[in-house]
Amino acid sequence: RLYFAGALMHALDWRRSPGGFIHGFRYLVRALHRHLEHVHHGQPWPSVQVPVQAQTLTASLLHRINNASGPYQMFGELVDLIVLR
C-alpha cells in the first residue's frame with residue numbers, strides 16, 4: 001500500500017473542505033496516523049463509551065459538538081460515529 005501525507009491528501013476534499021490549509025491538514029495527518037496505527041499495530045481508534053440514558057447521551061453529544069475541532073474544520077470529510085447498543 002502507498003500512503004500520501006501532504007498536498008495529495010487534499011485531493012479528495014478539494015473545494016469541499018480546508019484540507020489543503022494548515023487548519024485542515026493537521027486533521028488529515030492525525031487521521032492518517034490513527035489509520036496506520038490501527039492497520040499495522042492493532043491500536044483502536046479513540047472512542048468513548050457512555051451509558052444509554054437520555055441525560056448522559058445529550059450531555060456527551062453537546063460536549064462533543066461544542067469541543068470537536070476536527071469535524072468542524074473538515075466538514076463533510078471527518079465525521080463522528082454513534083453506535084447505540
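Colleague: How many salt bridges does a search of the whole structure find?

Modeller: Bear in mind that this is a predicted model. Side chains of opposite charge can pair when their charged atoms come close. Here, a search of the whole structure finds one salt bridge, in which Arg64 pairs with Asp80 and the closest N and O atoms are 2.7 Å apart. The pair links distant parts of the chain, since Arg64 belongs to helix H2 (residues 54-67) and Asp80 to the segment after H3, 16 residues apart.

Colleague: Are Arg64 and Asp80 buried, exposed or partly exposed?

Modeller: The class follows from the relative accessible area, where buried means under 20% and exposed means over 50%, with partly exposed in between. Arg64 has a relative accessible area of 41%, so this residue is partly exposed, and Asp80 is partly exposed as well, because its relative accessible area is 40%.

Colleague: Which secondary structure elements does the chain have, and in what order do they run?

Modeller: The chain comes to three helices and zero strands, and from the N terminus on its elements run α-α-α. As for contacts in the chain with a separation of 6 or more, residues 24 or more positions apart account for 48% of them.

Colleague: Where is Phe4, and which residues does Phe4 touch, not counting residues up to four places away in sequence?

Modeller: Phe4 lies in the segment before helix H1 (22-41), and, with residues up to four places away in sequence left aside, this side chain's residue touches Met9 and Leu32. Phe4 and Leu32 are 28 residues apart along the chain, while 8.8 Å separates their C-alpha atoms. With a relative accessible area of 43%, Phe4 falls between the two cut-offs and therefore counts as partly exposed.

Colleague: Which residues form a nonpolar patch on the surface?

Modeller: The nonpolar patch on the surface is formed by Val52, Leu61, Leu62, Ile65, Ile82 and Leu84, which together have about 610 Å² of accessible area. One of these residues, Ile82, has its place in the segment after helix H3 (69-73).

Colleague: Why does Ile82 count as exposed?

Modeller: The cut-off for exposed is over 50% relative accessible area, and Ile82 counts as exposed because its relative accessibility is 54%.

Key
Residues are numbered from 1 along each chain as its sequence is written. This is a predicted model: local features need pLDDT of at least 70, side-chain atom pairs count only at pLDDT 80 or more; totals for chains, interfaces and linings use all residues. Side-chain values use heavy atoms; hydrogens and water are left out. Patches are made of residues with over 30% relative accessible area and no salt bridge: like charges are joined within 9 Å, nonpolar side chains (Val, Leu, Ile, Met, Phe, Trp, Tyr) within 5 Å. Accessible areas come from the Shrake-Rupley method with a 1.4 Å probe; for residues, only the protein chains shown count as cover. A salt bridge is a side-chain nitrogen of Lys or Arg within 4 Å of a carboxyl oxygen of Asp or Glu. Helices (H or I, at least four residues) and strands (E, at least two) are DSSP runs, numbered from the N terminus. Buried means under 20% relative accessible area, exposed over 50%, partly exposed in between (1.4 Å probe, protein chains only). Contact means heavy atoms within 4.5 Å.
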